[in-house]
Amino acid sequence: MKKIYLLALPLLALAAASCGNSADTGSASAAASAKETSKVTVYTATRQTVPQTETYSSTVKAWAVNNIAPQTGARIQKINVDVGSFVEAGQTLAEMDRTQLDQQKLQLANAETELGRLRQLYEEGGVSQSDFEAAELQYNVARNAVRNLEENTILRSPISGVVSARNYDRGDMYTMGQPIFTVQQITPVKLLVGVSEADYTKVQKGQTATITVDALPGRTFSGTVNRIYPTMDAASHTFNVEVKVNNADRALRPGMYAKVTLSFGDNYSVVVPDAAVVKQMGSGQRFVFTVQPDSTVRSNAVTLGRHMGTSYEILSGISEGETVAVEGASALRDGGKVQIVER
C-alpha cells in the first residue's frame, strides 16, 4: 500500500501541472487576441469648399530709395531737414558752398550780354555767321554749367518721402563717401514674395493680396500684384511677385516683417481631420486608413492639398463617404482589426 501511494503522488503532480499550463495558454491567447484589435475613432470623409490661399513671409520695402549727394566734394553750408522728416518732391534739403555757382552765374551773364550784342550785329551784317554761332555755343555751355552747379549746390529731393538717414552736419566737408541724405518713398510701399513655381499660372497682375504685419497687430492692409518676375530661382523653384500697397496713412514702414496672403480661387475637395493623416517612416509619403465592413483597415496613399486649421484637403487617394480612422490611426497596420469607439 505504501508503494502504490508513493507512485500516485507524481501522477497527481503531473496532472495539476498540465491543468495549470492549459489555463496559462488560454489566457495568453485571449490577451494576444485583445491586443490585435485597436480602438479608433472615425470620421466620414466629406467634400467641402476649400479656399486656395497661400501665405508668404516678406519684408516691407520702400517704393523708391534716393541717395542725395553732390557730384563733387564741397563744404556743406546748410542742413534743412533731419532723420524722420517728411519731404516733398523738389524740397530743398541742403545747400553746399556757392562760390563756384556764383562765379559761373557771372560768366553766364557775360555770355548772355555778348550774345545779345553779336545777335544785333549779325542781323545788321556786322559779324559773320560763324562768329555768332560761336558766341551762341558759349552761352549754351555757360547756361548748362549753371544748371548743373545749381543741382549740385542746392540739393533737392527728387521724390516725396521720409528722410531715413543723414550722414553729415552743417559745416562738414562732403568727401564723396556716404550720401548726405537718404530719402525713401513710402507712399506706396512694395513687398517681394517668393511664390512656388506650381502656382506660376495662377498669379495674375492686378490680383488682390492681403497683408498683415507683426508691428501692427489687428490691422489688415490690401495690396495688388504689381509685377511678376519672369525667371525662376533654380535652387528654391520660386519666382518673385511684387505686391504694391498704397499705404496712404504711412502706417507701413520699410523693414517691417509682413505676411502676404494670395488667393487662387476655391476647390471642392475631400476633407479629413489632420490626425487621420499618417506619415510613413523614412519617406514623405502620407497615408489614411479607411475602415472596411469587416472591421479591418486598409492603408491608402493620399496626395495632400491645403492645411486648414485641424483639417487636410485630400486631392487623391480616398473618396467622399469613406470612413477613416482618426484617433489611434498612427498605431494601425494594413489589414489590422479595429474597434470603433466614440470620440
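1. Ala 74 stands opposite Tyr 174 in strand 9, strands being DSSP runs of E with at least two residues and helices runs of H or I with at least four, numbered from the N terminus. This is a predicted model, in which local features need pLDDT of at least 70 and side-chain atom pairs count only at pLDDT 80 or more, while totals for chains, interfaces and linings use all residues. Residues are numbered from 1 along each chain as its sequence is written, and side-chain values use heavy atoms, with hydrogens and water left out.

2. Strand 4 (residues 74–79) pairs with strand 9 in the antiparallel sense over two bridges, where pairing requires that DSSP finds at least two bridges between the strands. The open sheet has four strands in the order 7-6-4-9, with antiparallel pairing, and its edges are strand 7 (154–156) and strand 9 (173–174), each of which pairs on one side only.

3. The count of aromatic pairs comes to three, a pair being rings of Phe, Tyr and Trp (its six-membered ring) with centres within 6.5 Å, called stacked when the planes are under 30 degrees apart, edge-to-face when over 60 and tilted for the rest. One of them is the stacked pair of Tyr 122 and Phe 132, at 4.9 Å centre to centre and 5° between the planes. Tyr 122 lies in helix 2 (residues 99–124) and Phe 132 in helix 3 (residues 129–153), so this pair ties together parts that are 10 residues apart in sequence.

4. Phe 132 is buried, at 10% relative accessible area, whereas Tyr 122, at 32%, is partly exposed (buried is under 20%, exposed over 50%, partly exposed in between, with a 1.4 Å probe and protein chains only).
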